[in-house]
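Welcome, and thanks for taking a look at this one. Here is a short briefing to read alongside the model.

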Amino acid sequence: MGGVDADLVDIKGMPDKSLQEFLRKNAISLSLFEARRVAELIGRNPTITELYIFNTQWSEHSSYKSSRSVLKELLPTQAPNVILGPSEDSGIVELGFIDGERYGVVVSHESHNHPSQVVPYEGAATGVGGDIRDVLCMGAKVIALADPLRFGNPYGKNKNKVKYIANEVINGIAGYGDAVGIPNICGDVYFNDSFDENCLVNVVCLGIVKEKDIIHSYAPKNAEGYDIVIVGKATDNSGFGGAAFASLILDEKERESNRGAVQVPDPFLKNVLIRASYAVFEEARKQGIILGFKDMGAGGIMCSTSELCSSSNFGADIDLSKVNVSMKDLPPYIIANSETQERFTWICPKEFTKTLLKIYNEDFELPSISLGAGAFVIGKVTKQQDYILRHENKVVCNVPIKDVTQGIRYEREKKAAKRNFKEPNLREPSDFNKILLSVLKHPNVASKAKAYKHYDTSVMGNAVIETGYADAGVIKAVDNSSFGIALKTDCNPRYCRIDSYWGAVNAVAESMRNVAAVGAIPSALTDCLNYGNPEKPEAFYDFYEGVRGIADAAKNLHYKGSTYPVPVVSGNVSFYNESSSGKSVDPSPIIACIGILKDYSKAITMQLKKENSNLFLVGERREELGGSVYYEINGEIGSIVPIIDFEKERNMIYAIIDAINAGLILSCHDISDGGLATTISEMILGGDADGEIGAKINLDFTNIRNDKALFSESSGFAFEVEDIHLEKLKALFKFYKINLIQLGKTDKNRLTITKNNKKIIDLPILKLKEAWTSGFVEALE
């Protein structure tokens with residue numbers, strides 16, 4: 001085993017109690033078993049720097065030590081349209097061919113949950129920053145962001161804290177995304193008590209790249225002797241231990257000490273770094289230079305350099321004294337592991353290093369933009385597969401590089417939790433007007449304009465359908481091309497509380513319906529798997545069942561025109577979303593679906609377009625109200641969640657896509673939160689709540705009770721069709737064996753719903769607007 005000059009920590013000799021205290025005092029989250037395993041693995045006692053390295057690399061956040069085997073066993077990651085599956089910083093799915101060149105959509109999906117609970121503005125902002133870096137590092141142009149968010153109960157016992165966190169998270173996302181100049185095109189927000197002490201802040205980022213121009217997150221072939229170059233902000237102690245912190249249970253008593261594990265954002269520097277990196281891409285392509293490029297996220301310099309080199313079976317020899325730092329006397333373990341934001345690592349052939357340094361340091365003047373920022377050579381790639389860190393002429397780390405990167409694995413026990421959910425015995429309401437307005441005002445249903453109007457949704461000029469106007473956001477993919485990209489995120493936490501498998505299935509199905517509702521083909525999925533403590537068999541069971549649900553839905557809903565799955569190309573696992581009191585978040589496998597449009601001009605929105613057009617429904621109403629908003633406003637949760645019939649669901653999705661692309665549908669909206677009555681109300685209102693076309697709906701098509709017909713969240717679509725297209729539409733849906741249900745007609749300025757010639761809802765548009773536009777605003781006030 002390689003020698004070191006630094007002092008060793010006597011892991012082998014310390015009794016358990018002393019070792020436990022040592023780990024606690026040094027904020028090292030390794031278990032006793034893991035700490036002793038480090039010494040066993042490297043054949044000697046470790047240095048303190050080595051111990052911190054394994055602390056990061058063996059965290060759940062970095063090693064996926066509890067989840068990797070489950071993900072590998074279950075998730076479908078390959079299909080003909082996959083250019084790169086979940087093996088590097090981002091996944092890549094085919095967009096299509098333009099002028100003979102194959103283009104890919106680059107996608108990353110990450111979480112920044114713990115940091116956002118502790119320091120919400122900075123936590124959310126740096127979550128956005130990290131995800132942008134993941135996409136940029138593939139050699140891609142970054143083109144869009146999305147933000148699925150989960151917060152506590154804004155009217156519960158912790159309401160003031162919940163409101164503060166929600167507002168600051170939204171401010172942080174806006175403050176970063178707007179300054180860096182990347183549009184936010186979609187997201188979703190849910191509130192409930194389970195997120196009181198652990199908010200969820202997930203981020204999705206998209207990019208675009210030619211297949212031939214992809215840069216990989218590993219050292220190129222024959223990279224022995226290549227320079228290791230770091231770029232960006234000067235290293236400080238911010239975010240030190242961030243990866244390990246993300247793998248801990250949050251304790252409110254340690255809130256202040258946890259703040260140091262949260263990074264500090266600098267979006268203005270990131271803006272310049274992005275543009276400078278584009279210039280490097282261009283010059284490298286011009287010269288035919290092959291590089292390795294990686295985001296410096298969890299684990300900082302240590303993680304990025306070790307993974308870049310280890311992935312290609314090389315070692316690394318690094319001098320931490322050459323790292324640009326902004327604080328005096330930083331110890332080597334902080335320089336190596338700090339998660340200071342706005343940094344990258346390049347593996348660069350020596351003949352190109354001068355050009356790379358010039359682009360960052362001179363052409364884009366990084367040193368004058370942020371104190372100490374710049375590009376610096378800190379080491380070299382070695383043939384010997386050791387990971388060596390030096391500091392002030394001492395070797396502070398010298399271990400086999402594969403030991404650093406291979407992580408540790410656990411096979412966790414899983415056990416189904418006892419769930420005693422029951423269907424409530426509710427009387428049918430006497431005042432459906434009041435019920436509908438209450439549902440529309442619920443913050444999980446109400447317009448999220450207060451959030452997304454805070455974001456710049458059109459900054460790059462690539463917006464086709466901005467946030468809030470349709471079921472998915474749509475952007476132009478490439479200049480002078482008709483290709484469009486649709487994106488939507490989904491997951492109902494109350495469904496998952498009742499049944500973690502069907503909750504996950506619904507998340508996949510709804511995300512695909514949302515993408516289909518604008519006319520796009522669901523082409524790939526990402527998953528951010530937010531769960532509690534995996535060491536608890538019940539929590540791990542929920543995780544396993546969630547992954548199984550995603551896999552079954554992806555495999556059975558099929559990539560359109562094939563029997564291949566809709567592939568899962570990227571994702572993230574976030575465990576330990578649990579407070580010290582043992583309260584866990586609702587299982588939350590948050591899905592993002594990427595849809596492809598060959599002609600973005602055919603994309604449609606949800607708002608009704610014409611008076612006296614026809615309104616149709618596909619997707620029968622069933623008595624599936626478990627987890628519904630209707631039950632929630634009645635203080636209930638229920639037990640029967642929507643069950644997805646895979647064959648019917650995919651045929652329904654395909655039929656909607658074909659109908660939109662054939663120009664047969666004027667507007668379309670999927671049925672989910674709040675049920676059919678909410679779907680029609682939102683189609684009337686439109687994204688800006690300025691709609692003036694109402695609807696007359698007849699419920700005679702169903703025999704189930706009126707409240708269940710109106711507010712069941714069984715999957716489906718409502719859509720608007722002109723008379724001229726009726727015959728073609730009916731033939732199309734007959735081909736797909738889908739029952740087409742006539743709901744009624746569009747009308748002037750009211751929503752009226754009847755059953756057996758009796759009005760059960762009769763509301764002017766203004767009343768719908770008041771409810772729908774106030775609920776989310778009031779929740780945040």
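A crossing of two helices is left-handed if the near helix is turned anticlockwise from the far one by less than a right angle, and right-handed if clockwise. This is a predicted model, in which local features need pLDDT of at least 70 and side-chain atom pairs count only at pLDDT 80 or more, while totals for chains, interfaces and linings use all residues. Residues are numbered from 1 along each chain as its sequence is written, and side-chain values use heavy atoms, with hydrogens and water left out.

**Helix packing**

- Helix 21 (residues 537–557) passes helix 23 (residues 646–661) in a right-handed crossing; helices here are DSSP runs of H or I with at least four residues, strands are runs of E with at least two, and both are numbered from the N terminus.
- The axes of helix 21 and helix 23 come within 9 Å and cross at roughly 55 degrees; axes are lines fitted to C-alpha atoms, for helices over the stretch in contact, and angles run from 0 to 180 degrees between N-to-C directions.
- That angle makes helix 21 oblique to helix 23 (under 35 degrees is roughly parallel, over 145 roughly antiparallel, 65 to 115 roughly perpendicular, and the rest oblique).
- Asp552, Ala553, Asn556 and Leu557 of helix 21 make the contact with Phe646, Glu649, Arg650 and Tyr654 of helix 23, where contact means heavy atoms within 4.5 Å.

**Nonpolar cores**

- The largest nonpolar core has 76 residues, and Phe543, Ile665, Phe717 and Phe719 touch the most other members; such a core is a set of buried Ala, Val, Leu, Ile, Met, Phe, Trp, Tyr and Cys residues joined through side-chain atoms within 4.5 Å.
- Helix 20 (residues 500–516) gives this core its largest share, 10 residues.
- A second, separate core of 67 residues includes Val201, Ala284, Leu291 and Tyr360.

**A buried helix**

- Helix 24 (residues 675–685) is largely enclosed by the rest of the structure, because 11 of its 11 residues are buried (under 20% relative accessible area with a 1.4 Å probe, protein chains only; exposed is over 50%, partly exposed in between).
- Gly686 follows helix 24 and has a positive phi, near 75 degrees.

- An open sheet of 6 strands has the order 1-2-3-6-4-5 with mixed pairing; two strands pair if DSSP finds at least two bridges between them.
- Strand 1 (82–84) and strand 5 (184–191) stand at the edges with a single partner strand each, so one side of each lacks a neighbour in the sheet.
- Strand 2 (residues 91–98) and strand 3 (residues 101–111) run antiparallel and are joined by 7 bridges, and Val93 stands opposite Val105 in strand 3.
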